[in-house]
Number of protein chains: 2
Amino acid sequence: MEASLKVHIPKRTLAEGLSVLERIIPSRSSNPVLTYLPIELSEGALVLRGTNGEVDLEVKLPAETEGLGQVLVPAQTFFQIVRSAPGDLVELVFGEGEQLELHSGAFSTQLSTTSPEGYPELLFASDEGGRIGAAQLAQAITRVRYAASTEEYRAIFRGVQIEMSPQGLRTVASDGFRLARYDLPMELPSRKLVVPAKSADEIVRVFKDKEEELVFSVREGSLTLRGDSLRMSVKLMEGEFPDYERVIPQSFVLEALLKAEAFRESLRRVAVLSDRNNHRVNLLFSQERLTIDAEGDYGRGREELPLRSTGEPQLMVAYNAQYLIDALGPVEGEVRVRLSGPTSPTLLQAVEDEGYLAVVVPLRV
Amino acid sequence: MEASLKVHIPKRTLAEGLSVLERIIPSRSSNPVLTYLPIELSEGALVLRGTNGEVDLEVKLPAETEGLGQVLVPAQTFFQIVRSAPGDLVELVFGEGEQLELHSGAFSTQLSTTSPEGYPELLFASDEGGRIGAAQLAQAITRVRYAASTEEYRAIFRGVQIEMSPQGLRTVASDGFRLARYDLPMELPSRKLVVPAKSADEIVRVFKDKEEELVFSVREGSLTLRGDSLRMSVKLMEGEFPDYERVIPQSFVLEALLKAEAFRESLRRVAVLSDRNNHRVNLLFSQERLTIDAEGDYGRGREELPLRSTGEPQLMVAYNAQYLIDALGPVEGEVRVRLSGPTSPTLLQAVEDEGYLAVVVPLRV
């Protein structure tokens, strides 16, 4: 078959590009065209795209190309074929009669393609609203992501709020029973936006290991992030978080310093015995010791940990163990636990990473 | 609390013993007592048991014990607690009032227990029907297991047949469309039995890394296997396989030698394009080359492999790709493919492991 459109690309480059798109492109969809992968041949590059309706993504791979053109191929099949291709190099030939040929080593395939006309247009804003480090953005989201709600009720809490200001980048998540906040000093133009938690996960997945700076733009309800070879556009949620600062306690009756990892592990052990519904653990803070206990259908568990505390000589507070375990997740080294009373919110702060703060509301006694 | 029954045991020993039982003991059951773990304190040993109704298992762990006794504890909770225990040593105290105390480092728990009376009696035959290497038995089952049926129809094929004789150990599995047979020379008393495939998986899992010899016994519809610290009893299926030797072809029109792994990988690649229902791949055997191709909804795939063949200069045969891939699974190095015609069964043999043989029935043209 004579064909004028052709590209040669290392298998590894192509497979890495596809792996970024693989989680975005749905394997089933009420709009079947979204299960296809648009492949575009541009000058010196192979451009791959995908969308799940919430997140649009574009990957540009440098490649030896001949000609310009675009086709849609069944994405899952294409992923499988490239992953298992036997050669180091992959040749794609945009043949006539709606066929895409792929050659690699002794293997060759002719894939049925579909006209790109039915595919939705992916819009990536091209203006510059500011710049932000890819890894920093991912880090700031990761620290608070766990606290986002999964309930239909108060839908805004199903998102992660990103606040930019000349003081820095702030991320916040909450489900009404707990809150996580992270501050990273940097100079940014003032903006406040809420990214759906699942889309926030995609930002983290795609950018967490990148060292580059991203150009961002917020327009028409979308956040666009542009890097060297990647462009991502994320639909934003409407509205913003209600005033969360008022749930962050300001005065405390007891403060304790603990090793975060040991605290987390103790909670995990004792929580095995806790009530299956509310995961209730009782924490007794005294001057040199924290006693954690729980009781459920299968018995009781108990563990003691050393701590240093100031304030009241003794205080008993009950929590959902999972909320404490989650809140300790981003903390390395020591954690400062600041109690405002047995029924008032408790503050947790990472001693070695002052940007991180978590609030957990105790269970009623 | 004063208690007279006590055991000290390294956490690692206990955790390893439990890991053997963990897959057997159901986390839910229509007979809830099966979700409990019977713990018995005997002289110098802690004995743990479990059953899923098909497979009974007993693990005997050497331990410093005080007193004799038995309790039932909720198995999943106990597994979790031991896995996360903070100390190197675990102390179990059989307390009064139906409590089992567990202490490890700064952690302690009191587990609710249940009287062992409701638990079914696990019977492990104590006579000796013969001896067999644990790893050899596991190996012989592993080689053929893939070919067992998952269909309700012809239920006997949902098992693995184990044939013992003075010539050796033979395992066979089939689903009517393919067959796998493995022979391991050794001297055994003559017996023929069929183990349900899922129970056969448990035999493999428990014994595959053991170097010991097992004493076995076949009585009252059960196979009992006894090792140094493990006893297992497996319910057998009733009946035996119909005469399978007649489906093994005896005369051939073409024989080919191929590298098994390359063959398997080519089949995997081309099969991506095959029809989703029957996974049909077409194999064209010619004198120096095998051409594999497939065609399905998404296009066509094709690959060529070098081979050495004798017999007919050319033969085209179609297969379910998955059946060939499975049949090649146990083959390392070269495979001998022996064809008796385009619609007659094909034989596959491992050149370097003469005990292994597979039969695959081609798809109709």
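The legends below describe close-up views of a predicted model.

**View 1. Contact between chain A and chain B.** The interface brings together 25 residues of chain A and 25 residues of chain B. On the chain A side, helix 2 (75–84), strand 9 (107–112), helix 5 (260–271) and strand 21 (299–306) each contribute at least two residues. The chain A side is made up of nine nonpolar, nine polar and seven charged residues.

**View 2. Strand pairing across the two chains.** Strand 9 of chain A runs antiparallel to strand 21 (residues 299–306) of chain B, with five bridges joining them. In this pairing A:Phe107 has B:Glu303 as its bridge partner. Strand 21 of chain A also pairs with strand 9 (residues 107–112) of chain B, again antiparallel and over five bridges. Here A:Arg300 lies opposite B:Gln110.

**View 3. Hairpin of strands 8 and 9 in chain B.** Strand 8 (residues 99–104) and strand 9 of chain B are antiparallel and share six bridges. B:Ser104 is placed opposite B:Phe107 of strand 9. Two residues separate the strands of this hairpin, and B:Gly105 in the turn has a positive phi of about 60 degrees. Strand 9 of chain B, which pairs with strand 8 of chain B, is also the partner of strand 21 of chain A.

**View 4. Packing of helix 1 on helix 2 in chain B.** Helix 1 (residues 11–22) and helix 2 (residues 75–84) of chain B pack at an angle of about 145 degrees, and their axes are 10 Å apart. The crossing of helix 1 of chain B with helix 2 of chain B is left-handed. Helix 1 of chain B makes the contact through B:Lys11, B:Leu14, B:Ala15, B:Leu18 and B:Glu22, and helix 2 of chain B through B:Phe79, B:Val82 and B:Arg83. By class, the contact residues are five nonpolar, no polar and three charged. An α-helix has 3.6 residues a turn, so residues three or four places apart point the same way.

**View 5. Buried residues of helix 4 in chain B.** In helix 4 (residues 197–207) of chain B, the buried residues are B:Ala197, B:Ser199, B:Ala200, B:Glu202, B:Ile203, B:Val206 and B:Phe207. Among the elements of chain B that they pack against are helix 1, helix 3 (134–144) and strand 14 (191–196).

**View 6. The largest nonpolar core, around B:Leu37.** This core holds 201 residues, and A:Leu37, A:Val73 and B:Leu37 have the most contacts inside it. Helix 6 (residues 321–328) of chain A gives the core its largest share, six residues. Leaving out residues up to four places away in sequence, B:Leu37 touches B:Leu21, B:Ile25, B:Leu48, B:Gly50, B:Leu72, B:Val73, B:Ala75 and B:Phe78.

Conventions:
Residues are numbered from 1 along each chain as its sequence is written. Chains are lettered from A and ligands numbered from 1 in the order in which they are written. This is a predicted model: local features need pLDDT of at least 70, side-chain atom pairs count only at pLDDT 80 or more; totals for chains, interfaces and linings use all residues. Axes are lines fitted to C-alpha atoms, for helices over the stretch in contact, and angles run from 0 to 180 degrees between N-to-C directions. Helices (H or I, at least four residues) and strands (E, at least two) are DSSP runs, numbered from the N terminus. A crossing is left-handed if the near helix is turned anticlockwise from the far one by less than a right angle, and right-handed if clockwise. Two residues are in contact if their C-beta atoms, placed from the backbone, lie within 7 Å. Ala, Val, Leu, Ile, Met, Phe, Trp, Tyr, Cys and Pro count as nonpolar, Asp, Glu, Lys and Arg as charged, and the others, Gly among them, as polar. Two strands pair if DSSP finds at least two bridges between them. A residue is buried if 20 or more other C-beta atoms lie within 10 Å of its own, exposed if 12 or fewer, and partly exposed in between; C-beta atoms are placed from the backbone. A nonpolar core is a set of buried Ala, Val, Leu, Ile, Met, Phe, Trp, Tyr and Cys residues joined through C-beta atoms within 7 Å.
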